[in-house]
Amino acid sequence: MGRRTYTVDYCDFDEADGKDVEATGSITVGIDGKLYEILVCDEHGAIRETLDAIKELGKVIEAPLAPASRRGRSRTPTAPATANGEPSVAEVRAWAKAQNEAAGEIVYPVAPRGPRIKKEVMDAYKAAHA
Ligand SMILES: [Zn+2]
């Protein structure tokens, strides 16, 4: 007779308690843009009821999961331009950061502080405010 190997999934909740309880299902949840899968036994599967409340109250965001939408947020107020007509570094930096946040990725790389702004970022800012 051949040998058969079975894989047994254990409930992650019980495993955290040092107990081996066979999982009877799994739950996938998205939290802050990341998907998590957790294996559950019948007892811990009850967490699904709590999650069902979220399903009813929240709205479905179509995949791919991205950082929470910033749409609808008010625009960053623009600071006055500097005396020579050039936008201030702080102003351009704030604008670049807002663009990066809105896009969910680094579109315009800017250092958190410092006196300089990359020329390409400055040019993009000017183009956007022309
Ligand atoms: Zn369990």
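The largest nonpolar core has eight residues: Val92, Trp95, Ala96, Tyr108, Val110, Ile117, Val121 and Tyr125. Such a core is a set of buried Ala, Val, Leu, Ile, Met, Phe, Trp, Tyr and Cys residues joined through C-beta atoms within 7 Å. Buried means 20 or more other C-beta atoms within 10 Å of the residue's own, with C-beta atoms placed from the backbone. The model is predicted: local features need pLDDT of at least 70, side-chain atom pairs count only at pLDDT 80 or more, and totals for chains, interfaces and linings use all residues. Residues are numbered from 1 along each chain as its sequence is written.

**Exercise 1.** Find which helix gives the most to this core.

*Solution.* Helices are DSSP runs of H or I, at least four residues, numbered from the N terminus. H3 and H4 each supply at least two core residues. H3 gives the most, with three.

**Exercise 2.** Check the span of H3 against its number of residues.

*Solution.* Take 1.5 Å times one less than the number of residues. Gly104 follows H3, with a positive phi near 75 degrees.

**Exercise 3.** Describe how H3 meets H4.

*Solution.* Start with contacts (C-beta atoms, placed from the backbone, within 7 Å). Val92, Trp95 and Ala96 of H3 meet Val121, Met122 and Tyr125 of H4. By class, this contact has six nonpolar, no polar and no charged residues. Tyr125 also touches Pro87, not counting residues up to four places away in sequence.

Methods. Contact = placed C-beta atoms within 7 Å. Nonpolar A, V, L, I, M, F, W, Y, C, P; charged D, E, K, R; others polar. Buried ≥ 20, exposed ≤ 12 C-beta atoms within 10 Å, placed from the backbone.
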